[in-house]
Amino acid sequence: MATIDNDPLFTSLCNEKTLQSQKEGFFNVFYQSVAENFKGPHANWLKDVYQKVPTDAAKLRLVYEDPLVAYEVQGTLEYVKPVFREKDAKFSRQRREQATTLLAERKLPMALMMACQAVMRAPAQGVDMAIDKGLTLALALLTRAEVLITMLDGKRAMQDLQLAVKCGLSVKQNADYYQRVAKCYALTGEGARAEVATKVFHQLTGQNDSAVARLKEELDDLRALKREKPTVEEQQTMPTFSGPAANKELLGASSKVKLVGSKDDPRGRYITAAEDLASGEPILAEPAHAVCLYPKFFGSHCNACFARLVAPVACGVCCGVAFCSVECRDRACATYHRFECEYLDLMIGSGMSILCQLALRIVTQTGTPEAALEKGNEVLGVLCAHTQYRDPEDHFRRTLMTTFLLRCLQKAEFFGRRTTESPEPTELELQVGAVLLGLLQTLQFNAHEVYETRITGKHRIDTAKVQYLGVGIYRAASMFNHECYPGVLRTFCGTSIVFHTSRPLRSGAVIPENYGPHFLRQAKALRQRNLRSRYWFKCDCRTCTEDWPLLEQLSDEPRLRCPTARCANVLPYPGKSGKRQTKCSLCKKQVNLEPCISMVETALDLYTSGAEMMANEQIDQAIELLTRGINIFMQVAVPPHKPTHVAEESLRVCFADKGTTSRY
């Protein structure tokens, strides 16, 4: 660590944060109980014994077998058991009744909240026959459907009705069911289907013409209300690439970028431009390899796709997570959630970080130990872990966390039904554990925080704020090297990561991303400290080398490129009254700066027009104007330049608005 670290204490705190909470959870107690053994003659055990073991698998095996730590480790792991929020039919029925009362009082938001709680807490069909004859979930869904119809949301109401039938609701001779179905179709504009449902309702009411007449009046009223107040949902726009879209080496990347370098290269493997790129070009639209939602959003966002929840679909076993649709639920429950379901609250209670959960997710989403080994080792094979620099105490903490995660997998029968209750792993379990331990190291440097744009007021740009929802791992996105002045703008569509270029980049140029500390907002000394301690490298990008000032200290006056071909000199801006004709000190030629000045003025005008378009919420027009301005400026001038960097940041806001947004 001495070769890269100038603040060991801060580095230690950063490392610890990527593994566990410093204040909450029982993992700290677990670690301290084991660390109590590192005293007296065993004070140097971590350096003299543990650190000298050559591989992660061997280190993991050591903690189960070495007498100094094995007793505490295995003894603690034996207490791992399911801890999760179970279903409660009585509670669900109470919430359902409250929803019905609130619906009658036209308190629709509260009615929907109560109905959602009723759905989430209801056990599966037949689990609790003492309440609602085992149909608590079906009745909760039926009640929520009625609330959603009143709120003019026919699509979600129909989903609830269909789910209610799958959960045991009888539709035979059920006139009320078909009445609701007709209303859903009326709201979704499917007139023919609404008419069919109305006819079935008519038959089931014994040809009751007055009842049908009332229903038709209600359908007309719903259609009229829907026309007056149409449902507006935020649309996400995934970018399309110009030219051949597919990149054979990088999933989700444009063919205009390429991967170069190697693990032996001081810069590692990194992304460069395969051809000239203009500002605002999409170069990456990559689905997440794995993604985890922060626990505080379990009640507001889909656990699988991060969509904001309106009528959540529940797991059949736990009440801890929710999904936006049956498709998301079934996909999750067929893979990762069936292994995490009964242990998720225990894992959260341990105080482990979201990166630990992400490491586990990479394993559990594969479905089998064999697939976990294959997919996990693929990830470890391409992403850096800096294992050679890791402090033995930090590595040991991660090994101890691995034993806990591995025990959860054992208890959840990820490896099948075990013949022993002993925590000591089999050879296959040890191999999967080694993958987990590798991931607990590499995710520290390669994970991305996933965000949505939160709109809190009427104006979608002025009131937009970034809200981080979770963390994902993206194999192609992880290959972009860092600069404090990034060349890409990072946004998200759902859990997919999207990169647009923020400025023009020549063919062969490195395409840099920013790992966090942007030069506009953080001074060099603090940036360097954060990068060293969080990512373990010293940044020597141009911004740091030249020590560019913060945004508020930047000059509005540009520096001009020498117009002479192949001359790399930069000339001062002459100002309004300065000479347009000057001699370049590098190429020694007399040059005319008038065309350069004219282009800079054009760029500034485009920045102003782009800002006006943003104020008018005309986002596409703003993007077009801002990118044109940046492209023109970069032809004749060089950064840093305050108006241009403001334009680049404005461009990021515009692209974020076209990604995942939500209104509060």
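With a relative accessibility of 13%, Phe38 counts as buried, the term being used for anything under 20% relative accessible area, with exposed meaning over 50% and partly exposed the range in between (1.4 Å probe, protein chains only). Trp45, at 5% relative accessibility, counts as buried as well. The model is a predicted one, in which local features need pLDDT of at least 70 and side-chain atom pairs count only at pLDDT 80 or more, while totals for chains, interfaces and linings use all residues. Residues are numbered from 1 along each chain as its sequence is written, and side-chain values use heavy atoms, with hydrogens and water left out.

In the pair of Phe519 and Trp548, by contrast, the planes stand at 75° and the centres are 5.2 Å apart, an edge-to-face arrangement. Phe519 lies in the loop between strand S10 (496–501) and helix H20 (524–535), and Trp548 in the loop between helix H21 (542–546) and strand S11 (559–561), so this pair ties together parts that are 29 residues apart in sequence. Helices (H or I, at least four residues) and strands (E, at least two) are DSSP runs numbered from the N terminus. Both Phe519 and Trp548 are buried.

Elsewhere, Arg503 lies over the face of Tyr485, and here the value is 4.1 Å from the ring centre.

Helix H1 comes next, spanning residues 8–17, with Phe10, Thr11, Cys14, Asn15 and Glu16 as its buried residues. The elements covering these buried residues of H1 include helix H2 (27–35), helix H18 (392–411), helix H19 (427–446) and H20.

What is the order of the strands in the open sheet of 3 strands? The order is S3-S10-S9, and the pairing is antiparallel, with two strands taken to pair if DSSP finds at least two bridges between them. Strand S3 (282–286) and strand S9 (488–493) stand at the edges with a single partner strand each, which means that one side of each is left without a neighbour in the sheet. S3 is joined to S10 by 4 bridges in the antiparallel sense, and Leu284 has Phe499, in S10, as its bridge partner.

Asp132 sits in the loop between helix H7 (108–121) and helix H8 (136–150) and, having a relative accessible area of 18%, is buried. Its contacts (heavy atoms within 4.5 Å), leaving aside neighbours within four places in sequence, are with Arg93, Arg96 and Leu139. With Arg96, the side chain of Asp132 makes a side-chain to side-chain polar contact of 3.1 Å, a term for N or O atoms within 3.5 Å where, within protein, one must be able to donate a hydrogen and the other to accept it, and residues adjacent in sequence count only if both atoms are side-chain atoms.

The backbone also calls for attention, as most residues other than glycine have a negative phi, and most peptide bonds are trans. The peptide bond from Pro639 to Pro640 is cis, with omega near 5°, and Pro640 is in the loop between strand S15 (637–638) and H24. His386, which is not a glycine, has a positive phi of about 55°; this residue is in the loop between helix H17 (369–382) and H18 and, at 21% relative accessibility, counts as partly exposed. Arg566 has a positive phi too, near 70°, and is placed in the loop between S11 and strand S12 (570–572), where its relative accessibility of 85% makes it count as exposed.

For the chain as a whole, there are 24 helices and 16 strands, and the C-alpha atoms fill a box of roughly 100 × 75 × 40 Å along the principal axes. Of its 664 residues, 53% count as buried, and among contacts with a separation of 6 or more, 68% are between residues 24 or more positions apart.

How values were computed: Rings of Phe, Tyr and Trp (its six-membered ring) pair if their centres lie within 6.5 Å; planes under 30 degrees apart count as stacked, over 60 as edge-to-face and the rest as tilted. A charge sits over a ring if NZ of Lys or CZ of Arg is within 6 Å of the ring centre and within 35 degrees of the ring normal.
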